[in-house]
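Please work through each task before reading its solution.

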Amino acid sequence: MNKMPVVFVGHGSPMNAIEDNQFTRNWVEISKQIPIPEAILAISGHWVTDGTRINDDPHPEIVHDMYGFPRELYEVDYRPKGAPELAHFTKDLILGNGLIDNSWGIDHGIWSILKIMYPEADIPVYHMSVSRNENPDYHFNLGNELKPLRDKGILIFASGNVVHNLAHIKWDMKGGYDWAVEFDDFIKGTIFEKKYRGVIDYRLAGVSAKLSVPTSEHLDPLFYILGAADEHDQLSIYNDSCTMGSLSMTSYLLKE
């Protein structure tokens, strides 16, 4: 089997799960560029824990971790099987840093996208958390430890937003504030040039970084993807835009 790609998807509003728009159509396009995975390791900015946790539940629950949205969104029931053996294999890969934890299921940062990409829910999914206690180097290095999964047909799938500042959301705004676009472009250009150290040191971007990443949990999943990338991976960029002022939908696919 060829090496499986890695992907980071900007998930944006959970309403994307029940809408047909350019973002969701591009998620379908991403799925067409990826061989059918044996399983999906999901890393979401919505499962944040003390230390790294891995779910080994054979039947993970769907988590509706959002508030104030239409009833239709809470009726979404996306329930792929889990992957207990792969969860333990993954735990062993990361040098004993992970703990098994089934207190969380598949949150909307994951199911809102996979529902569009793989609507049959026929690919096993297991979830790894983002440790709130660690810096970007930790996340990047842990991504590097996950590389062997790519040779086993496992899709490392990260979900978050490069720009994520809910305090500045403007629901009817089509694009992004100047600072949001500036930071999104900075990250995009740095990844394009494969200068991943610059992404890890994103705070050096100054005011645009401070406004775009008031807390890091939605950016942290990107570091896992960059850490798991290979030198010869080719980059494709989807949904290259900001929306609602302070969210970036920009998504990255890296594949041989």
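The exercises below refer to this predicted model.

**Exercise 1.** Determine how helix H5 and helix H9 are oriented relative to each other, and describe their contact.

*Solution.* Step 1: two packed helices are described by the angle between their axes and the distance between the axes. Step 2: for H5 (residues 136-145) and H9 (residues 220-228), the angle is about 40 degrees and the axes are 6 Å apart. Step 3: angles under 35 degrees count as roughly parallel and those from 65 to 115 as roughly perpendicular; H5 and H9 are therefore oblique to each other. Step 4: the crossing of H5 past H9 is right-handed. Step 5: on the H5 side, the contact is made by Pro-136, Tyr-138, His-139, Phe-140, Leu-142, Gly-143 and Asn-144, which meet Asp-220, Phe-223, Tyr-224, Leu-226, Gly-227 and Ala-228 of H9. By class, eight residues in this contact are nonpolar, four are polar and one is charged.

**Exercise 2.** Decide whether His-11 counts as buried or exposed.

*Solution.* Step 1: His-11 is located in the loop between S1 and H1. Step 2: the cut-off for burial is under 20% relative accessible area; His-11 has 2% relative accessibility and therefore counts as buried. Step 3: beyond its neighbours within four places in sequence, His-11 is in contact with residues including Trp-27, His-46, His-108 and His-218.

Definitions and conventions: Residues are numbered from 1 along each chain as its sequence is written. This is a predicted model: local features need pLDDT of at least 70, side-chain atom pairs count only at pLDDT 80 or more; totals for chains, interfaces and linings use all residues. Side-chain values use heavy atoms; hydrogens and water are left out. Axes are lines fitted to C-alpha atoms, for helices over the stretch in contact, and angles run from 0 to 180 degrees between N-to-C directions. Helices (H or I, at least four residues) and strands (E, at least two) are DSSP runs, numbered from the N terminus. Angles under 35 degrees count as roughly parallel, over 145 as roughly antiparallel, 65 to 115 as roughly perpendicular and the rest as oblique. A crossing is left-handed if the near helix is turned anticlockwise from the far one by less than a right angle, and right-handed if clockwise. Contact means heavy atoms within 4.5 Å. Ala, Val, Leu, Ile, Met, Phe, Trp, Tyr, Cys and Pro count as nonpolar, Asp, Glu, Lys and Arg as charged, and the others, Gly among them, as polar. Buried means under 20% relative accessible area, exposed over 50%, partly exposed in between (1.4 Å probe, protein chains only).
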